[in-house]
Amino acid sequence: MADQINNNIKRKSTVDLTIRILLVDDNDNNLLSMEVALEREGYVFFRATSGREALRILLKEEDFSLILLDVKMPTMDGYETAELIYQRDKLKHIPIIFITAHDYEEAAMFKGYKAGAVDFIRKPFNPEILRSKVAVFAELHKKNRLLRKQEEKLQIINKDLMELNRDLEERVLERTLALQSLNSELKALNLSKDKFLSVVSHDLRNPLTALLASSGKLNEDPEKLSPNQIKQLSHIIHRTSNKLLDQLNEIIDWAKKQSQKASFNPEKVHLIDGVEESLELLKVNAIQKEIKLQNKIQKNIYVNVDSLMLRSIIQNLVTNAIKYTPQGGEVIIDAGFDEHMATIFVKDSGIGMSNEIRETLFKQVNNNSVFGTNNEPGSGLGLLLVNDFVVQHGGKVDVESNVGLGTTFRFTIPVIHGA
């Protein structure tokens, strides 16, 4: 762009400083005298022997530096000629010096200045005075030409700079939009990663804790356990291990679908069975805290959901309910429905939460999340995942909670009638 600006300036940088003078006098000898007096200065002369001839020349050639105009001429004198010349806007910039044989009477000079004259020279003229006065206007003409050319250059530079600025603004805008798009993609990838980690955390970590607890009891002192206790513990370990393997395979499949942009696969699900399957791996956690876990959902409710997402929603909400419910409490899962949506409730008798915490639950990862009643840690990421999955089903999540009185989460998903 800078090269373009320089080229534009060079292309228009030539300044014509030729001094063109129009000599107007009805006497050829006077015209010749003026030319002789001025010829060594290198001026270019045009001759006119009358006011009318001067006007004809000015119709064709407007770029004069100066007009030397005789006052006393037949038919049209110098004053009339000057007035007609200055009627044209394109000729108003040409200075006129009147040549007069009369004395410099105030009335005559006033008439001349009123007609547009810039100076007077008396006949017979002194060549030195003529050259001096003409030189002043010649130099003034050159300066004006240079100033106009400089203005043109500045206009070119300003125009090119404005174009350059527009180009830069467009490039900055394009780069900004590209960066915003990239940033959105990175956020989406990061959120997808967080979702996957949350699924792994809530769907696998808690059952693994129960598995470790059962295997730990069996490993501590097996000789003190009765055959029936060993059988129960081994059954829990075996059942939980198989469930974990199935769940791990489902999570891997879900992650693959996430990367293929095909992770949402709703199907007909018997709600009570879907919830019961989701609770299967959490029952051991509830038993360890002596929490009564109840599935009170009616048997006649069918929903149109992604089964993996439903399981993740239920496990996230129930895991949190168990986490924030003291030993000996209860967690109840229930549901109702209307014409379009089923509403699932996860209600606990836990410690509840303040309004400040409740208002931020589905907005951001909570790095200052409250520890559970047994000091279980949390990040709040699971609730973001719950909200995302519910919204994908066209539903919504809300929560009611009072400190010390427990919490109820509600979410809606599409219901299927006449199943």
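Helices (H or I, at least four residues) and strands (E, at least two) are DSSP runs, numbered from the N terminus. With that in hand, let's work through some exercises.

This is a predicted model, in which local features need pLDDT of at least 70 and side-chain atom pairs count only at pLDDT 80 or more, while totals for chains, interfaces and linings use all residues. Residues are numbered from 1 along each chain as its sequence is written, and side-chain values use heavy atoms, with hydrogens and water left out.

**Exercise 1. Positive phi angles**

Task: Say where Thr-75 lies and where Glu-290 lies, then give the phi of Thr-75 and of Glu-290.

Solution: 
- Step 1. Thr-75 sits in the loop between E3 and H4, and its phi is positive, about 70°, although Thr-75 is not a glycine.
- Step 2. Glu-290 is found in the loop between helix H9 (283–288) and strand E7 (292–295). Its phi is near 55°, again a positive value in a residue other than glycine.
- Step 3. Now sort them by accessibility. Buried means under 20% relative accessible area, exposed over 50%, and partly exposed in between (1.4 Å probe, protein chains only). Thr-75, at 71%, counts as exposed, and Glu-290, at 52%, counts as exposed too.

**Exercise 2. Two helices side by side**

Task: Describe how the axes of helix H3 and helix H4 cross, and which residues make the contact.

Solution: 
- Step 1. Start with the axes, which are lines fitted to C-alpha atoms, for helices over the stretch in contact; angles run from 0 to 180 degrees between N-to-C directions. The axes of H3 (residues 51–60) and H4 (residues 78–85) come within 10 Å and cross at roughly 20°.
- Step 2. Name the arrangement: that angle makes H3 roughly parallel to H4. (Angles under 35 degrees count as roughly parallel, over 145 as roughly antiparallel, 65 to 115 as roughly perpendicular and the rest as oblique.)
- Step 3. List the residues in contact (heavy atoms within 4.5 Å). H3 contributes Gly-51, Leu-55 and Leu-58, while H4 contributes Thr-81, Leu-84 and Ile-85.
- Step 4. Sort these residues: 4 are nonpolar, 2 polar and none charged. Here Ala, Val, Leu, Ile, Met, Phe, Trp, Tyr, Cys and Pro count as nonpolar, Asp, Glu, Lys and Arg as charged, and the others, Gly among them, as polar.

**Exercise 3. Salt bridges**

Task: How many salt bridges does the structure hold, and which parts does the pair of Arg-20 and Asp-63 tie together?

Solution: 
- Step 1. Recall the rule: a salt bridge is a side-chain nitrogen of Lys or Arg within 4 Å of a carboxyl oxygen of Asp or Glu. The structure holds 17 of them.
- Step 2. Take Arg-20 and Asp-63, whose side chains meet at 3.5 Å, N to O. Arg-20 lies in strand E1 (residues 20–24) and Asp-63 in the loop between H3 and strand E3 (66–70), so this pair ties together parts that are 43 residues apart in sequence. Arg-20 is buried, at 17%, whereas Asp-63 is partly exposed, at 25%.
- Step 3. Turn to Glu-128 and Arg-40, which form a salt bridge at 3.9 Å, N to O. Glu-128 is in helix H6 (residues 127–220) and Arg-40 in the loop between helix H2 (28–38) and strand E2 (44–48), 88 residues apart. Arg-40, Glu-41, Glu-128 and Arg-131 are linked in a network of salt bridges.

**Exercise 4. A strand residue**

Task: Is Thr-100 buried or exposed, and which residues is Thr-100 in contact with?

Solution: 
- Step 1. Locate Thr-100 in strand E4 (residues 96–100).
- Step 2. Read the accessibility: with a relative accessible area of 7%, Thr-100 is buried.
- Step 3. Leave aside neighbours within four places in sequence; Thr-100 is then in contact with Val-71, Phe-120, Ile-121, Arg-122 and Lys-123.
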